[in-house]
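Open the model in your viewer and keep the selection panel at hand. The stops below go from ring contacts to a strand arrangement.

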Amino acid sequence: MISQIFILSSKGDHLIYKDFRGEASKDSINVFYERVTALSGDQTPVVMAHKDLHFIHVKQGGLYWVASTKTNPSPFTIIEFLNRLAALTKDYCGSLSEKSVRMNFALIYELLDEMVDFGYIQTTSTDILKNFIQTEAVSSKPFSLFDLSNVGLFGAETQQSKVAPSVAASRPIMSSRGEQGGKNEIFVDVIERLSVVIGSKGVLMKSDIQGEIRIKCFLPTSSEMRIGLNEELSIGKSQLKGYSSAVRVDECRFHQAVKLDEFDTFRILKVCPSQGEQTVMQYQLCDELPCAPPFQLFPSVQKDYVNRVLIFLKLRCDLPPKSTALNVSITVPVPKGSVSMSQELSSPDQTAELQPKNKALLWEIPRFPGGAQLSALFKVDVPGLSSASLLEVGPVSMSFELAKQTCSGLQIRFLRLAPSQTGLSQRWVRYVTHSDSYTIRI
Amino acid sequence: MPYFGSEETVKELKRALSNPNVQADRLRYKNYISKVIRSVIQGLDVSTLFMDMVKASATVDIVQKKLVYLYMCTYASDKPDLALLAINTLRKYCADPNPMVRGLALSNMCNFRMPGMTEYIEQPIVAGLRDKASYVRRVAVLGCAKMHSLQPNTEIDGIIVNELYALLRDPDPVVVVNCLRALEEILKDEGGVVINKPIAHHLLNRMKDLDSWAQSEVLTFLLRYRPRSDDELFDVLSLLDSFLQSTHAHVAVATLRLFLHLASAHPAVQADALLCTSAPLLATCGAASRELRFAGLCHVQKVMRSQPGLFSTHYKRFFCGYSEPTYIKFHKMEILVELVNDENVALVLEELSSYCTDVSPELAQAAIAAIGRIARTYSEKCLDILTGLLALKQDHITSAVIQTFRDLVWFCPQSTAAVCQTVEVCVDSPQDSEQALLWLLGEHGEKISSAPYVMEGYVDGLKTELSLAVKMELLTTAVKMFLCRPAETQDMLGRLLHYCIEEESDVCVRDRALLYYRLLQRGVEETRKVVTGPKSDPSMSVLTERQEEPISQWASTFNTLGPLSGHDLCLQTAVISAADQPSNSTEKELLPGSKDVTLSSPNDTEEEISLSLGPPLSHETFEKMWLDLEILHRQTLGSPLPRTALDMLQAALQLVKIQTLAFTPGDTVPWKAYIYTRSTGTLILAELLQGDPQAPGSDESLVVSVKQQPVNQHAIRGFASILKSVLQTLNDDSS
């Protein structure tokens, strides 16, 4: 059972504090903050003990979500509960930030009151909670980099009308009044996290996709929805692949509310979405990507003069020409003691900088169209350079975001709501792939 | 943290709240109430506003009500007299037609933590238990627990307990779970809620209606239930089978724990359950939330202690992502080391070696140590990597590599040659690995040609050396080097000893130097005997390499905070308790008796001898020595084999420092045991025998045959008398 729940800003300001059992002192917030900020890098912050009190926390949206307990509960339960609390807060307030939590404290207290009683979790389902939550959310306009994805190439308004503004999904689920309110929208997102290791000779060593289908529902009443996936989707390793078009995942798991009676034959998921965000399906795919990894790197590292390393990077994007990778950033470790760097980049919107503290150079490319190839030359000055220092260059790690693209090839064929709902509601399907970890060895 | 001018703020709020104009304007009024709550969160003391807030609670606006209740619950214990005023209104609301208002009032009334509340809340709670609305029943059930916690020492109200047990059949799933929770708290002193067969089966059948939180909690309660028969057990397990694959990690893990617990007598079932849950566990290891990832990794490590092979095909899932926090990377590396096998060793090593140049020195060093662990089995490949790292000439890397080398040489002697060759290169080693380097020089000085020059550097720089440990190690190294390469090091050793004895201010170093000095005075051979020990000890690997543990070892802490907090601490205590467990109980009984034995034994012998265990003896060595040596002494011990359990005998012998190597099962005839011990420089090997037809007159009594190397009759007599008294005591105890 949970003794207290509190939410702290990254600076340690108390945003929310609720004591459920009166067995721990209020002082424990400060104790927690002192402990968590005093930890060194290799210490584990997730569970900390102070006398007979345990603190379990998660960090989401730059905030600490902390539960304290005097018993020895299941860590999975507490961590998932805190994550759920953060997700619900996001649903109800629109976005997750210090500002939104501050502005909506009454709402969050109301939520907490219904979710937890005397330290015991009561319910976290939006269907039940919406009957009890009376406070209106105060929403702040969030700033999202994701907006970039909607700006067409060369500034032309391509398909603008067919694309939902990305801020649309980050609004409170319960704004009955208000400017955006009453819009019956439903968003179905296919989100994949890609983690790839490419060996030194360009060999794919590890590739791994963790994907999920997430629904964000703003419909006031829930009715059954049918989500059609690729018909040729096959599950499991054993099944033989017929033709190359087959989309395959190793294993998948569904939300308990999903009805699967038509899944085996037609690959249709039936679900009654409740308000807010929920994950209906999780899947993963290991080692056998259906397409080439999105980026290939052709590096060359040379010793130039006495104290200078030449790093020449050629980066090719193997996405289909219509797709674009966004916010690409490339981190290249450089030898210890690197002092300065000069660079030759191919276009002015790219940036590169040397970060001596992390012994790395960071190359950033805001947009990287599919099929393109970019190159960059870096000259790094390292006093006292030895030939062995060149071994310190690498592995290169990348982070990026691929909009309108899934690496597994999973697609949503259709999205149908029960007949009574159609006409009134707008349905959106979005695809996005994030790089969880993309490493290329040199 | 109180802000400056807080008094002003409170005054202003008070003025505003009591202003009739404000009270008339609902929005403004609510706004001020929000401000009060904001101050509460910021830590401002606004308890003086209690009266105004009580007034504000009389409203139809539920949001405002909730805010006021929040305020009241915070300050009720500070202002009990004023809180009583609020109670009457709250009790009135408990009879409101709106179930939400009823529930809200009841729940908040129970949250007033002040003495004397019981008399006001008891009646509404009892009424609430029978309310039509499930929302009110949920609140009322937990209200019972709250009421009990207000007066923990009062007698348990049997009526309420019975009512709660009856409510376990409530149609609302949350009410059911709340009943379990409330009963657990109320009956804490009696061992918590009773889970008998009807209740257990009822809960199992309701599992499907519960939400995931309730499921995992009920699964935890079910740990208490023991099915009567195997048939019932398998019925229970098959009902729960689907939950092993739940999308919610906490349900899957809670189910696994229950499986491991219930099927403790069926290892095959346990293994199946682990296999089933491996997919959800792996999924948590790659979850988006890093905290969940961490919890998953910690539990995977637990599982791997019994089933090391379970995850070996998924080793790539434990490669570190570059943006992951260090603490997750540490755990992943630990797992990778355990997963290494012939197929994946190349890829794992390639992955680990890429971490060795990480920005974080801690991570780099941990990666190097991990490669060192793998080197115990795959030494060649690892040595190449480690040697390559030395070329980077970075202090933290070199230092970690040298320390790894030291451990490696000790565990696998076959890598010595390669290591010695490499160590030649790293003459100027960084600060924290000096000790390791010196140790390597001392142990394997004859194979490292540059060893005397390296050491000379240290001897010359002795005056500026700060670390005591390095000085001590240097002394030992110098003596050892002198033994194998006297010509090159004699002068150096002389200077070193002179400095340490004459000029060194630290007593420990000085004493150590004097010790070596006296030793050298006895002659070189004498010194060699003392100083040079075995160069490596493969039997150590038994201690460091983890054996497959039975599942029961960790099942009890599975899905608790244990695996997450103080990972190392758990491990240690587990190992200790595992080692102690068999002897613990016997030790307590035996301790007084056996102490007497060792103390009173001198009446048999002229002089007390002391036995010691020393380094463990392997079966092969024992066998070889036993065959080589002749029996020096044979004696009947005058008492039969104790009828106590054999492990008790073993524990008792262990207490007087006699190690049992092997024995036949208790009821075989003839019964034999082989034991050994060490005493003042000799090794005593002995055989205990009972019921041997060839030995004269010994069908009842134990016969001991002793072999020894080198011979020391005095020690044998001492050993025999100690053995005799141990058996005597055991026989006395058991009769």
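Start in chain B and select B:Lys707 together with B:Trp626: the lysine lies over the face of the tryptophan, 4.1 Å from the ring centre. Bear in mind throughout that this is a predicted model.

For a second contact of this kind, go to chain A and select A:Arg267 and A:Phe263. The charged end of A:Arg267 sits over the ring of A:Phe263, at 4.8 Å from its centre.

**Aromatic pairs**

Next, turn to rings against rings. Over all chains, the whole structure contains 25 aromatic pairs. Select A:Phe32 and A:Tyr64 as one of them: the ring centres are 5.8 Å apart and the planes stand at 80 degrees, so this pair is edge-to-face, the label given to planes over 60 degrees apart. Colour by secondary structure and the pair is seen to link distant parts of the chain, with A:Phe32 in helix α1 (residues 28-38) of chain A and A:Tyr64 in strand β5 (residues 63-69) of chain A, 32 residues apart.

Are these two residues buried or exposed? A:Phe32 has 0% relative accessibility and counts as buried. A:Tyr64 is buried too, with a relative accessible area of 9%; the cut-off for buried is under 20%.

Now select B:Phe294 and B:Tyr327. Their ring centres lie 5.4 Å apart with the planes at 85 degrees, so this pair is edge-to-face. Here the link runs between two helices of chain B: B:Phe294 belongs to α17 (residues 290-306) and B:Tyr327 to α18 (residues 326-339), and the two residues are 33 apart in the chain. B:Phe294 is buried at a relative accessible area of 1%, and B:Tyr327 counts as buried at 6%.

For the last stop, show chain A as a cartoon and find the open sheet of 4 strands, in the order β16-β17-β22-β19 with antiparallel pairing. Which strands stand at the edges? They are β16 (295-303) and β19 (340-345) of chain A; each has a single partner strand, so one side of each is left without a neighbour in the sheet. On average, neighbouring strands of this sheet are turned by 15 degrees against each other, direction ignored.

Finally, zoom in on β16(A) and β17 (residues 308-317) of chain A, which run antiparallel and are joined by 9 bridges. To see one bridge, select A:Phe295, whose partner in β17(A) is A:Cys317.

Terms used
Residues numbered from 1 in each chain as written. Chains lettered and ligands numbered in written order. Predicted model: local features only at pLDDT ≥ 70, side-chain atom pairs only at ≥ 80, totals over all residues. Heavy atoms only, no water. Pairing = 2+ DSSP bridges. Axes fitted to C-alpha atoms, helices over the stretch in contact; angles between N-to-C directions. Phe/Tyr/Trp six-rings, centres within 6.5 Å; stacked < 30°, edge-to-face > 60°. Buried < 20%, exposed > 50% of the residue type's maximum accessible area, 1.4 Å probe, protein only. Lys NZ or Arg CZ within 6 Å of the ring centre and 35° of its normal.
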